[in-house]
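Below are some notes on the model you sent.

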Amino acid sequence: MKTLLHAIQPVRQIQLKGWAECFDMERVYEGPSHRLLREGETRVVLFRSGVICFYEAGPALQARIMAAVQAHFPVVDKVNVEEIELRLSERDGVGKEAVQLRQIDDERLFLVALRLAQSLALEMHEEAVENLLETTLNLLSEVTRSGRLPGRRGGYLRFLASTSATRTEILSRLAVLDNPDIVWETPGLELLSRELSADLELTSRFRALDEKLDAIREGLEVIVVASRHERETILEWIIIVLITVELLVMLAGYLW
């Protein structure tokens, strides 16, 4: 029977600092961005990014944890799931069909879970950024065609805020380019960390996201300039109308 590590993202985030739930399991690792729980052979890892990883966890336990998490934190529109096979081997590394581990211990399980969680969280952000990019392109096309922005200004402010929040969320919660402390504390895990990142294409996907966010930011700068120009044009017309009205009043005074 295959030994699998499952990852699922039912919520946008898990605020671990203010949520002490451990589901009657032993806490092994605890930090601002993760919590590793253990009971016998079972391991559960909760990540701040909203991802939960299960190893040797039965359906009832998975359902209980999922329900508790979804009851406390904002759920996602689409629940993404990913899994990876684990096999014992003479060396730690990534094989063609499975992750090979010299032993299945807390340190190695946590590292594999971390990289798998980062991959899953990236998938959610990739979809969000694609939607933001499409919206930006549509707005730029409208500005190019008509020279003005469609709709109300409040909608653009919300869009600007959403874009900024997405970038901040990606940078603060994923830390894809950083090795966790456990890599430096446990001999031999640095190579496994690099191979996992390469196999899941974490670095290239993260940089592609960052490039798209840069393109969105540049597009937003054009939109902001267009919005400012539109407001300035309206203000200029208001001033012209006021001056005209004042001149007409003065002229009427002379005539009468």
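1. A salt bridge here is a side-chain nitrogen of Lys or Arg within 4 Å of a carboxyl oxygen of Asp or Glu. Glu-97 and Arg-87 meet that rule, with an N to O distance of 3.2 Å between their side chains. Glu-97 sits in the loop between strand E7 (93-94) and E8, and Arg-87 in strand E6, so the bridge ties together parts that are ten residues apart in sequence. Glu-97 is exposed, at 62% relative accessibility, while Arg-87 is partly exposed at 37%. Please keep in mind that this is a predicted model.

2. The count of salt bridges comes to 15. One of them joins the side chains of Arg-38 and Glu-26, at 2.9 Å from N to O. Because Arg-38 belongs to strand E3 (residues 34-39) and Glu-26 to strand E2, this pair ties together parts twelve residues apart in sequence.

3. Asp-106 is buried, with a relative accessible area of 9%. Through shared partners, salt bridges join Glu-26, Arg-38, Arg-43 and Asp-106 into one network.

4. Turning to the rings, the structure holds four aromatic pairs. In one of them, Trp-19 and Phe-23 have ring centres 6.0 Å apart and planes at 70°, so the pair is edge-to-face. Trp-19 is buried at 9% relative accessibility, and Phe-23 is buried at 4%. Trp-19 also pairs with Phe-73; their ring centres are 5.3 Å apart and their planes at 90°, so this pair is edge-to-face. It links distant parts of the chain, with Trp-19 in the loop between strand E1 (3-11) and strand E2 (26-31) and Phe-73 in the loop between H1 and strand E6 (75-88), 54 residues apart. Trp-19, Phe-23 and Phe-73 form one aromatic cluster.

5. Arg-64 is found in helix H1 (residues 59-72) and is partly exposed, with a relative accessible area of 42%. The C-alpha atoms of Arg-64 and Phe-23 are separated by 8.7 Å, although the two residues are 41 apart along the chain.

6. Which residues have the most contacts inside the largest nonpolar core? In this core of 28 residues they are Leu-5, Phe-47, Val-51, Cys-53, Leu-86, Val-99 and Val-112. Elements that each supply at least two residues include E1, strand E4 (42-47), strand E5 (52-55) and helix H5 (189-199). The largest share, ten residues, comes from H2. Val-99 touches residues including Ile-84, Leu-86, Val-112, Leu-192 and Leu-196. Apart from this core lies another, of 19 residues, among them Leu-16, Trp-19, Phe-54 and Met-66.

7. Last, the cysteines. The structure holds zero disulfides. Cys-22 is partly exposed at 22% relative accessibility, whereas Cys-53 is buried, with a relative accessible area of 0%.

Definitions and conventions: Residues numbered from 1 in each chain as written. Predicted model: local features only at pLDDT ≥ 70, side-chain atom pairs only at ≥ 80, totals over all residues. Heavy atoms only, no water. Disulfide = S-S within 2.5 Å. Buried < 20%, exposed > 50% of the residue type's maximum accessible area, 1.4 Å probe, protein only. Helix = DSSP H or I, 4+ residues; strand = E, 2+ residues; numbered from the N terminus. Phe/Tyr/Trp six-rings, centres within 6.5 Å; stacked < 30°, edge-to-face > 60°. Core = buried A, V, L, I, M, F, W, Y, C linked by side-chain atoms within 4.5 Å. Contact = heavy atoms within 4.5 Å. Lists of a residue's contacts leave out its neighbours within four places in sequence.
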